[in-house]
There are 2 protein chains.
Amino acid sequence: MQLGDLQLLQSLLAENRWSSVFILTDENTNQLCLSSLMMCIDFPINPEILEVEPGENSKSVEISHQLWWALNDLGADRKSLLINLGGGMITDLGGFIASTFQRGIDFIQIPTTLLAMTDAAIGGKTGINLGQLKNQIGTFQNPVAVILDQAWLETLPSREIRSGFAEIIKHGIIADQTLLEACFNTDVSNQEEVFQLLEPSMKVKANIIEIDPFEQNERTFLNFGHTSGHALESLTLQDEDPLLHGECVAWGMMIATLLSIDCGGLKAEKANDLIRSIDSYYPDIQPEVEIEKLWEVMLRDKKNSKGKVNFVLLSDVSKPMNNVEISFEQFNKACANLQAMREEL
Amino acid sequence: MQLGDLQLLQSLLAENRWSSVFILTDENTNQLCLSSLMMCIDFPINPEILEVEPGENSKSVEISHQLWWALNDLGADRKSLLINLGGGMITDLGGFIASTFQRGIDFIQIPTTLLAMTDAAIGGKTGINLGQLKNQIGTFQNPVAVILDQAWLETLPSREIRSGFAEIIKHGIIADQTLLEACFNTDVSNQEEVFQLLEPSMKVKANIIEIDPFEQNERTFLNFGHTSGHALESLTLQDEDPLLHGECVAWGMMIATLLSIDCGGLKAEKANDLIRSIDSYYPDIQPEVEIEKLWEVMLRDKKNSKGKVNFVLLSDVSKPMNNVEISFEQFNKACANLQAMREEL
C-alpha cells in the first residue's frame, strides 16, 4: 500500500493499468470535494461517479447490492479501479464493495475527514453494518494507495477536526512519545499544524498492522479508549446532538488512563498529566448517561464475552497492554474519580 | 489449509478452539449426509444447523443477508466455526459467508459431490451470484481444512460422478501425466477407483494455486476446457434436462485440444489420442446449439474483453499455455472438425 498526495494519485492513474475508473462519493463529498478532485487530476479515462446518501445508513447490505449492480451495469471488470472519496463511511463501504466485486478489484482511498485520514482509510479493514450492528460484515483488504490532501480539511467543521484529532492522540499514547508531545503542542484550530501530525500518526497504525494484520494481538492496542468510548457513542447516537466518535474516544482514553494506575501499573503522576492534557482539548465532553447503561453496552460488544469487559490499558506511555479484565466496580469507581478530578482542573 | 478425512475433522474439533460451531447444508445434504456426519463425529459443542434450498438460486445476495443474520442471531462470534456440508453451491456460498462475517471466521469445507471435492472446495475461491451472473461477488479465502469422505459419493447419481470426473481428467491433462493415465484406466462407475484419483487431482490444483493464488497467470490453466464449456453450460441451463458442468467441460476440453494442434503446437497424433480417450467417457455429449450463439456467450465472459476470446491451449500434455486468442473462424472450424472426427470413432 502506498501513502501519498494527489501527485501520487496522478502518477498511478498515468500508468494506465486500469480498464475503467469509478469514484464512490456521498452527496456531501460530491458537492464539496469531487469537483476539486476533477480539476486537480487529469483522468486518462473518464471516471463514472457512484453516489450514495451520506450517513451510516448507507453502509448496508442493500446499498452494497445496488453498488455491485451499478459496477456491473457500468461495465466494471477485474481490471477496474474504485476510488473512494469521502469519510469513514465511504472508505469502509467502498473498500468492502471493491474487495468483493469479482473477488476483488483495486481500490484507492481518498479520506476527506480527519478521522478517516488517521483511522479508517488505512489498515485494510473494510465493512458494512448488519442493521445497527457496526461493521458486522467486511473483509481485510489493503487499498492500492491512500491519498492525503490537506485541502479537504477546509471542508470540515472545527468540531469534526477536533474529533479526528483524538485518534492521533491515541496513536501518540500507545506508541509514539514524540508524536504525543507534538499533539499536546498543537493548536487544533490550525489545520496545517494538525495535518503535519498525520504522517507520524498513520505510521503508528501501519506499523502495528504490519505486525498483526488480523487483530490477533498487537492490533487490539488500537482500541485504546474505544471500549468505553464506543459504548458512549452508541448511547448518544439517538440524541439530538450526538457526541462524535473522537469525542467519545477522548473520554474513553481518560477513563482507560485512570484505570491504568490501579490495573496497569501506570504511575499516578503520568496518568494525571495525560488526563490533564487530553481534558484541555475536550473539557466539554462528559457522558450524560448512567454508568450502568454504559456497562451493559460494553458487555454486548463483539470483543467481549462471558460477562467480562476487556480493556486496553497502559503500563507506561507507549507501553499498552491488552485483554485486561475490568469489573463493574472498578469501572464505576474510575468514572466517579475522573469526574471529580476534571471538576478540579 | 489441511486436507484429510473425517478423522482430521474429529481431531480439529477436539482441539476445542472454536466458541461455537455452525453447519451449512441444503435440503439434500441435510437429508442425505448430515445424520451420517453427526453419527461419525463427536461434536464437543452441539452445532447449529443452517439450511438453504438446493440449487444455484441460493447463491444470492438475499440468502447471504439471511445467513449473516442467522449467524448473528444464533450468537456467532469471531471464534465461531462454519462447516459447509454440500456440493459446490454450499461450499461457495458458505465460504463467502464465513470470509465476510465479522471480517472472517474459520470455515471447513466438506464437499459431498465429486465436482466439489475436486474443484470447488479447494483453492480459496468463494462466491455468490449477482442475478444470473455466476460468482460475480466473492473473496479469496482458504478454509481451515477440506474434509474428504468416500461415503458421500454413494449418495450421488452416476451421471454426477462422471461429470466431476471431467475435472480430474483436466488436472491430469494440464499438469500430471501419471494422473492422466490413471484416469483413462479408471472405470468411472467404480466409486473406489474414482476416489483414489482425488488426492493427486487436488494436489495439481493446490500446487497451481500456491504459485498463483489470485489468478494472475498459472491459475488460469485451470480454465482449460472451460472457455467453451462454460458457454455451452449457460446455453443449456434452461433446457428440460440441462448438461452438467463437467459434461460441458469434457466437450470444451476436446475443442481446446483440437485447437491446440494449429494454435498451440500440440502434435496431431497426441491430440487425437486425447480426444479419443475423453470421448470414450462422454460419447453422448454433443452441443445442440448454434456455434454463433456459443461464440456470443464466450465474448461476454468476464475473462475476455474487446471482442476476442482467450483460450487455454496445450503445446503438449502437461504444458498448458494461456491467453491464446482465437477467432470465430478458428473456433467454428474446430467445432466442425471435432464433430466429424467423433462421428468416425
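Which domains does the domain assignment give for chain A? In this predicted model, chain A is assigned domain 1, covering 2-154, and domain 2, covering 161-344. The centres of domain 1 and domain 2 of chain A, taken over C-alpha atoms, are separated by 28 Å. Contact between the two domains of chain A involves 15 residues of domain 1 and 20 residues of domain 2. On the side of domain 1 that touches domain 2, helix α5 of chain A (residues 114-120) gives the most, with five residues. By residue class, this side of domain 1 of chain A comprises eight nonpolar, five polar and two charged residues.

Between the chains, 23 residues of chain A are in contact with 23 residues of chain B. Both α3 (61-73) and β7 (133-137) of chain A supply at least two residues each to the side of chain A that touches chain B. The largest share of that side, five residues, is contributed by α3(A). The side of chain A that touches chain B is made up of eight nonpolar, 10 polar and five charged residues.

Within chain B, the axes of helix α6 (residues 158-175) and helix α7 (residues 177-184) come within 6 Å and cross at roughly 140°. Angles over 145 degrees count as roughly antiparallel and 65 to 115 as roughly perpendicular; α6(B) and α7(B) are therefore oblique to each other. Their crossing is left-handed. Helix α6(B) makes the contact through Ile168(B), Ile169(B), His171(B), Gly172(B) and Ile173(B), and α7(B) through Leu179(B), Leu180(B) and Cys183(B). The residues of this contact of α6(B) with α7(B) are six nonpolar and two polar, with no charged residues.

Technical notes: Residues are numbered from 1 along each chain as its sequence is written. Chains are lettered from A and ligands numbered from 1 in the order in which they are written. This is a predicted model: local features need pLDDT of at least 70, side-chain atom pairs count only at pLDDT 80 or more; totals for chains, interfaces and linings use all residues. Domain bounds come from an automatic or database domain assignment. Two residues are in contact if their C-beta atoms, placed from the backbone, lie within 7 Å. Helices (H or I, at least four residues) and strands (E, at least two) are DSSP runs, numbered from the N terminus. Ala, Val, Leu, Ile, Met, Phe, Trp, Tyr, Cys and Pro count as nonpolar, Asp, Glu, Lys and Arg as charged, and the others, Gly among them, as polar. Axes are lines fitted to C-alpha atoms, for helices over the stretch in contact, and angles run from 0 to 180 degrees between N-to-C directions. Angles under 35 degrees count as roughly parallel, over 145 as roughly antiparallel, 65 to 115 as roughly perpendicular and the rest as oblique. A crossing is left-handed if the near helix is turned anticlockwise from the far one by less than a right angle, and right-handed if clockwise.
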